[in-house]
Amino acid sequence: MIDQGIERRSAAVTEMPDELRHDVRLLGKLLGQVIAEQGGEDLLADVERLRKAVIAARRGEASADEITAMVEAWEIDRAVQIARAFTCYFHLANLAEEHYRIRTLRERDTEGGVQRESLAHAVHELGADRVAELVERLELHPVLTAHPTEARRRAVVTAIQRISGRLTEYNTPGRGASERAESRRRLLEEIDLLWRTAHLRPSKLDPLDEVRTAMAAFDETLFRVVPQVYRSLDAALADGTGTRAPLARPFIRYGSWIGGDRDGNPNVTAKVTREAVQIQAEHVLTALENATTRIGRTLTATAEFAPPSPELKSAIAAAEDAHPELVSELATRSPREPHRQWLLFVAARIAATRRRDLDLAYLSPGDLLADLRLAQDSLARDAARQAYGELQHLIWQVETFGFHLAELEVRQHSQVHAAALEEIRAGGELSERTEEVLSTIRVIGWIQERFGVRACSRYVVSFTRGAADVAAVYELARHALGTRAPVLDVVPLFESGQDLANSPDVLSGMLDIPQVRERLAATGRRMEVMLGYSDSAKELGPAAATLRLYEAQERLTAWAAEHDVRLRMFHGRGGALGRGGGPANRAVLAQAPGSVAGSFKVTEQGEVIFARYGHLAIARRHMEQVANAVLLASSVTVGARTAAAAERFRPLAERVATASESAYRSLTEAPGFPEWFSLVSPLEELGSLRLGSRPARRGLGAPRSLDDLRAIPWVFAWAQTRVNLPGWYGLGAGLAAVGSLEELRAAYQEWPLFNALLDNAEMSLAKTDRSIAEHYLELGGRPDFARQVLEEYDRTRRLVLEVTGHTRLLENRKVLSRAVQLRDPYVDALSHLQLRALRALRTGTPSDHERERLSTLLLLSVNGVAAGLQNTG
C-alpha cells in the first residue's frame, strides 16, 4: 500500500502540466512570504515541518504518532495559525486549477473540430434537423438553493476572485518587465489581504444575505453566459448566425428557493419572500438597463445607412408625443440615429420600471420585448448584423430572465400545512405559524400581480405522503385569498424509499383534485414531481437510493404515458456524491428512458453554484454539457439502448439494492450509532460555522436517530473524517451479493446508470483515507462500529476496482486523480490539527478559554479540509 502511494504521488507530480505547476508554485511562494512577514520565519518553519512530515508519512518515512506528537506540542494559537496557512494554500491551489481548466477549455476551442459534450457535438451526433425538433421542447431549469454547503465566507470568496484577476493579469503574454513586477506586487497585496481576512463567519447568515450572495453569481456570470450558450446552439444548427433570424430559441429557465424555502427554516417568512423577489427584480432590471444603454450608445448607424422602418418611425413619433422632453433630448444627442434614439428611450423605460415610475415604466417583459423586436425588425431590412448580434443577445436575456430573474419557488413541510388546516377548521384564534402559512400565500398572490404568474407559482410540498397533502395547499389558498387565490402548481416531493414507491399512486390521487385538473387543462397537461436524493440516500444508502430513484422514474414515466400527462421530474440533488451529486451531464444520461423528454430541472446548491457559475468560461462549458446530455438522452436511439440495458440488468440491480440497503441499515440503525457518529466527527461543531440561515438539525441536542439530522451535515461531517461514508457504504455488500463478476462488468460497460453509480463511488473512495479515518473512528469508543466501517470500505474498494478493471482508483480520470493525490498530504495536515482539537474536546477537560481556542482550531480545520477536498455537503 505504501509503495503504491509513493508511485501514485510521483505519477501525479510528473503529470502536472507546466502551466499549473507554475501557478501553484508562484501562489505558494507568495503565501509563504506573507506568512513569514506576518507570523515570522518560525511560523513558516513550523508550517514546512508539518508539510514535510505528512508527505514523509505518505512515503512510509514517518509515523502518524510522530505527527501527532508534533501537533500536540504546539500552543493552540500556533496550531490555529498553521491551520490558517494550509486553508489559504488550498484556496490558492483551487484557484490555480480553475485557471488551468479555463486555459484548457480555450485551447480546445482553438483546435478546430467539434468539442466533445458541446451543443455542436449534439448536432453532429443527432443531425441538425433532429436537434431543431428537440429544441422546440428543450428546457434546462437550474434552481439555486440556499442549502448551506458553501463553507467559505463571502469576504473570502471575494478575496479569491480578486486574486484570480491579478493572476490573469500576471500571466497575460507580452507584458514588459515593469508591468509584470507591478502585477506580482498587486498579487502579493491581495494574498496578504486573504491571510488577514477572517475565515470564520462572525454571525449567522440571514435569508436575505443568501439572496444577495446568489445575486453575485447572476451579476458576474449568469446574465452574460445565457446568450453565449444560445449563440453556440444557433451556430451549430446552421451557418450564418448573427446575420439571420436565430434558429435557437431560449431554453434556460432559472429558478430559486433562496428566500422561498421555509421547510425547517423559521427565518424564511412571507416578508423575506417578498423582499427576495424585489432584490431579484432590482438586479435583473439594472442588468437589462445597462445592457440596453450599452447597445444603444454603440448603435450609431445613421438613417442614411440603416433607414428606420415605418413602424419604428411611428413608434418614435408616439413616444415623442407622450414624453416630449425625454425624446427631444435623445434626438439632440443622437441626430439622424433613429435606432440609437429608440434603444436609449427603451433603456429609460427600463430604468423607470426599476424605479416604479408608472408614467414611463413597462407593465410586462412582453412589452419590452415588443419594443426590442421593433428595432430588430427595422435593422434586419438593411443592417442584419446589427439586428441579430448584440441586440439578439439582449432579446434572449429578456426572454430568459423577464423582470423577475428567476422563478421563486416556495417549499414547506406537509405537516405544517396539516397543522394549519386543523387550526382553521377548528375555528378560534390562529397560531403565529398558521398565520405565516396564509401570509406566504398572500405574498405569492402579490408577486403574481406585480411580476406575473411565471415569477412565482410553484409550491413544493416536502414529505408528500398522499394526494391530500397537495389538496391541503389549495384549501389553504382559498382560506388566504378566497376567489382571488393565486395560480399554484403544487409539486409533490418524494424523499423516503416508501414515498418513492408510492409516488404513482399519489399522482393518480392528484388527478381527482379540481385545481390540479384545471392546471393540467391550462398548461397542456403538464405536471411536475420532485425527487429527493439527499434524504433517500441518508435513509437507504447511496447504492440502494440510486437504484430506487431509477425505479421510481421508470414507474412515473409509465404513469405519465398512461394518463397522457407531460411529466417533468425535478431532481433535488446535492453537491456531494452522498446527496446525489457528481457530474451533471452524466447524471442526465443515466436517467430512466423517457423521463428526460427534453427537460431537465435540478437544484444547484452551495459551493456548486460558485464552482459551476463562478467563471464565464466554466459556466458556459457546464451548461453546454448539460444541454448536450439532455438532447442525447431525449433521442430515440439513446433511449432505446438505455432501456434495453436497464431491462437486462434489472435482476442484478435488485440484488445490489437489497443487499446494499441491508448492510447500510445494519450500521446506521444499530443502537448507539448516532451517538458514536457525533463523537467521531465534528458534527456537533458544524453549526458554529454559520453556513446558512437554516438550522443544521431538526430539534435540539444530539441526534437520537438519523431522522433528527439533515442530509447536509450528515455528508459534511463524514467528509471531514476522511471516511466519506455516504458516498460508498453498502455498495461493496451489494456487489458481493451478485456473485458474477462478469455480469457486473457487463452492467458497468452497458448501463449508464450503473456506470455512473460505480464511477461516483470510485470518486468518493478516492477521497477517503483509511489511515487517517482510523484515528477519527477510534474517538467513539466502539471498535465494533469502526471495524464494520473499515471492512466495508475494504470490500467496496476491492470490488469497485475489480468491476471497473482499474488497477487504482480514478485510473481513467487523470485530471481528478492528480488533484486528489496532490492534495491528500496537505489535507492530512489539517486532519491531524482537527484530530488534536477533537481529542481535547471529546476526552479532555479544557478551560473555557482553551475550549474557545480549540473550537476555533477545529472550525478552521473544517474550512480547510472542505477547501482541500472541494467538498462539503
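The model is predicted, so local features need pLDDT of at least 70 and side-chain atom pairs count only at pLDDT 80 or more, whereas totals for chains, interfaces and linings use all residues. Residues are numbered from 1 along each chain as its sequence is written, and side-chain values use heavy atoms, with hydrogens and water left out.

Me: How do you know that the radius of gyration of the protein agrees with that of a compact globule?
Reply: The radius is taken over C-alpha atoms, and the globule rule is 2.2 Å times the number of residues to the power 0.38. For 873 residues a compact globule would have a value near 29 Å, and the protein has 28 Å, which agrees. Along the principal axes, the C-alpha atoms fill a box of roughly 85 × 75 × 60 Å.

Me: Why is D46 called buried?
Reply: Buried means under 20% relative accessible area, exposed over 50%, and partly exposed in between (1.4 Å probe, protein chains only). D46 has 12% relative accessibility and therefore counts as buried. Across the protein, buried residues make up 61% of the 873 residues.

Me: What makes D46 and R78 a salt bridge?
Reply: The term requires a side-chain nitrogen of Lys or Arg within 4 Å of a carboxyl oxygen of Asp or Glu, and the side chains of D46 and R78 meet at 2.6 Å, N to O. The pair links distant parts of the chain, with D46 in helix α3 (residues 41-58) and R78 in helix α5 (residues 76-110), 32 residues apart; helices here are DSSP runs of H or I with at least four residues, numbered from the N terminus. By the salt-bridge rule the count comes to 61.

Me: Why is R58 called partly exposed?
Reply: R58 counts as partly exposed because its relative accessibility is 24%. Its salt-bridge partner is D828, with the closest N and O atoms 2.8 Å apart. This pair links D828 in helix α38 (residues 814-843) to R58 in helix α3, 770 residues apart, and D828, at 6% relative accessibility, counts as buried.

Me: What makes E289 and R354 a tie between separate parts of the sequence?
Reply: The side chains of E289 and R354 meet in a salt bridge at 3.1 Å, N to O. Because E289 lies in helix α11 (residues 270-298) and R354 in helix α14 (residues 338-355), the pair ties together parts that are 65 residues apart in sequence. E289 is buried, with a relative accessible area of 16%, while R354, at 27% relative accessibility, counts as partly exposed.

Terms used. Helices (H or I, at least four residues) and strands (E, at least two) are DSSP runs, numbered from the N terminus.
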